[in-house]
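Work through the exercises below with the structure open. Try each task before you read its solution.

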Amino acid sequence: MRLLLVEDNARLCELVRRALAAEGFAVDIAQTLRTAEEFLERAPYDLIVLDLGLPDGDGLTLLRTLRGRAEAVPVLVMTARSGLDDRILGLDLGADDYLIKPFATGELAARCRALLRRPGGVLGSMLTAGNLTLDSNTRRATVAGTAIEIPPRELSLLELLLRRSGQVVARANLENGLYAMGEEVSANALEAAVSRLRRRLAAAGAEVTIHTAHGIGYALAPKQPES
Ligand code: CA
């Protein structure tokens, strides 16, 4: 899941980025409205977390622009302004949720997951393929009812594949969902993550595996029967 954080306070950015990365989000940080606009033109986002007081203007301007383009991406507004007028204005303009600063990062992560689970959002709660299940709320994966340990990034990869189980998911879509902009990603980072996840699934006795569609992407599908 790829998230754009629009916030000018560097310390808060880092706290939020760390908390959300631990939950498997790829987080891009824009510290100005202008950078946010640029990022939005370059990458698809699943969620935007938006501060209102930014050095080059008001976050509500960005929200108005997004909604003017009929963008369906959910937006969570975080602001130190607790005035009721701002809240009503934000909701009128199409903010999906509000968080008043200061807040606990755990609360922000929970709200982000809740927004993504809404009808039409990208997250449904329980994802299943064969004997493999992933609960996207608790981020626990099980094979035949037994929990398996999967690090956050591989868990996000599994989630992206499970959401389109049986279909080939393009490399670019996987990379967009897994790696934030400017993150050091080696050319074979995705292949390496796929191999590790494939081994984990096999070791746990999963009935599904990750198939390679050469030059296109990857698909989670039943293992080929032994012949
Ligand atoms: Ca600010």
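**Exercise 1.** Which residues of H1 are buried, and how are they arranged around the helix axis?

*Solution.* Start with the list. In this predicted model, Leu-12, Cys-13, Val-16, Ala-19 and Leu-20 are the buried residues of H1. Now look down the axis of H1. The buried residues fall within an arc of 140°, so they line one face of the helix. Next, find the cover. Strand S1 (2-6), strand S2 (26-30) and helix H5 (105-117) are among the elements that cover these buried residues. Last, turn to the face directed away from the buried side. Arg-11, Arg-18 and Ala-22 are exposed there.

**Exercise 2.** Describe the length of H1 and what lies at its ends.

*Solution.* H1 runs over residues 10-22, which is 13 residues. From first C-alpha to last, H1 reaches 18 Å, close to the 18 Å expected at 1.5 Å a residue. After H1 comes Gly-24, with a positive phi near 90°.

**Exercise 3.** Which residues coordinate the calcium ion?

*Solution.* The donors are Asp-8 (OD), Asp-51 (OD) and Gly-53 (O), at 2.2 to 2.4 Å. Their spacing in sequence is D-x42-D-x1-G. Asp-8 sits in the loop between S1 and H1, and Gly-53 in strand S4 (residues 53-54), so this pair ties together parts 45 residues apart in sequence. Asp-8 is partly exposed, at 33% relative accessible area. Gly-53 is also partly exposed, at 38%.

Terms used. Residues numbered from 1 in each chain as written. Predicted model: local features only at pLDDT ≥ 70, side-chain atom pairs only at ≥ 80, totals over all residues. Heavy atoms only, no water. Helix = DSSP H or I, 4+ residues; strand = E, 2+ residues; numbered from the N terminus. Expected span 1.5 Å × (residues − 1). Buried < 20%, exposed > 50% of the residue type's maximum accessible area, 1.4 Å probe, protein only. Arc of directions from axis to C-beta. Contact = heavy atoms within 4.5 Å. Polar contact = N/O pair within 3.5 Å; in protein donor to acceptor, adjacent residues only side chain to side chain. Donors = N, O, S within 2.8 Å, 3.2 Å for Na, K, Ca; no water.
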